[in-house]
Structure formats: structure tokens, C-alpha cells
Amino acid sequence: MPKKIDAILTQYGRKQDELIPVLQGVQKEYGYISPDSVSMISRYLRISENQIFGVSSFYAQFRFTEPGRHSIKVCLGTACHVQGGATLLDMLERGLAVECGETTPDKRFDLERVACLGCCALSPVVQMDQDIYSRMTVNKLTELLKIYE
Ligand code: FES
């Protein structure tokens, strides 16, 4: 990994105002920014790791933990909430033993809640990776999880 990080870093100047583009570049390559990456970015830009975490905390886009193999997004927009989206989310949190925003210990799933997936007429809606599943129920969701290894 270090050689690849080096290749990414050398695309940017060694100035502190390059921090956000550097973080974006690393995350694009790896899906997250590992502790080793933070350390290398810190040395390259000559800023402390605390400064990196401080600045990046203003941006929801940055992720510092390894993502799961699959992403689950449960819609809790108004239409989906009315149709039982919260029940689906609760079932996932209990069944996978994670809270929203966390990754399962086996790195199989990331679990998130979203405000609207843009297909309210199909509520309640769950997105698994890039696929949208409509009119979800607890039973359908239980079966669906078995497909995603
Ligand atoms: S509220 Fe869920 S898709 Fe719009």
C-alpha cells in the first residue's frame, strides 16, 4: 500500500491547502483513509495527524474505517418512514448487531440511513450496494441479506 499512497501523494503539491484533494484521492483509491495513510499524508504535507482529523471532521465524505463489502442504506424519508422504514432499520441493527453508520465486525455490511432515495412511490425502500429494493418487509429483507456474502 505505501507505494500506491506515494504515487497518489506525488500528484499533489506539498502544501497544506492540498489536504482535501489528497484525502479525496486516497479515499477514491482505497474506499477509506487508513491510519497508515493519515500518517503518510501527515509527513507529506507536514501537518499533524490531529490537524488532518480536525479539518476532515467538517466533511461527511471522509471515512477513516475500512468499509464493509456491501452497503445497506435504509430510507427513512417521510414516505418510507410511514410505510415502516424504521422497523426495517431496527431489524437490521438488532440482526447485524450494529448501529447506523457502523460496519459489521465481519466487514460484511455497512449500515446507513438516508433521507430519500428518490423512489417514494415504492416505499419502504432499501438500497443494497447499487440495487434498490422496493416495498420491503422484514421477511423480504431477511431473505435478501442471505444473497449478499
Ligand atoms: S422517502 Fe424513501 S424513497 Fe423517498
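**Architecture of the predicted model**

The protein chain contains seven helices and four strands, where helices (H or I, at least four residues) and strands (E, at least two) are DSSP runs numbered from the N terminus. The structure is a predicted model, in which local features need pLDDT of at least 70 and side-chain atom pairs count only at pLDDT 80 or more, whereas totals for chains, interfaces and linings use all residues. Residues are numbered from 1 along each chain as its sequence is written.

From the N terminus on, the elements of the protein chain follow the order α-α-α-α-β-α-α-β-β-β-α. The chain is divided into domain 1 (2–56) and domain 2 (70–147), with bounds that come from an automatic or database domain assignment, and the C-alpha centres of domain 1 and domain 2 are 32 Å apart. Taken along the principal axes, the C-alpha atoms of the protein chain fill a box of roughly 50 × 30 × 25 Å.

The four strands form an open sheet of mixed pairing, in the order β2-β1-β3-β4, two strands being counted as paired if DSSP finds at least two bridges between them. The edge strands, each pairing on one side only, are β2 (109–114) and β4 (131–133), and the twist averages 20° from one strand to the next. Strand β1 (residues 70–75) and strand β3 (residues 126–128) run antiparallel and are joined by three bridges; Met128 in β3 is the bridge partner of Ile72. Helix α6 (residues 85–96) lies across β1, β2 and β3 and runs at about 145° to β1, with axes fitted as lines to C-alpha atoms, for helices over the stretch in contact, and angles running from 0 to 180 degrees between N-to-C directions.

The largest nonpolar core has 13 residues, and those with the most contacts inside it are Ile72, Val74, Leu88, Leu92 and Val126. Such a core is a set of buried Ala, Val, Leu, Ile, Met, Phe, Trp, Tyr and Cys residues joined through C-beta atoms within 7 Å. At least two residues of this core are supplied by each of β1, α6 and β2. Apart from it lies another core, of ten residues, including Ile8, Val22, Leu23 and Ile33. Leaving aside neighbours within four places in sequence, Ile72 is in contact (C-beta atoms, placed from the backbone, within 7 Å) with Leu92, Phe109, Asp110, Leu111, Val126 and Met128.

Of the 149 residues of the protein chain, 21% count as buried, a residue being buried if 20 or more other C-beta atoms lie within 10 Å of its own, exposed if 12 or fewer, and partly exposed in between.

Conventions:
Two residues are in contact if their C-beta atoms, placed from the backbone, lie within 7 Å.
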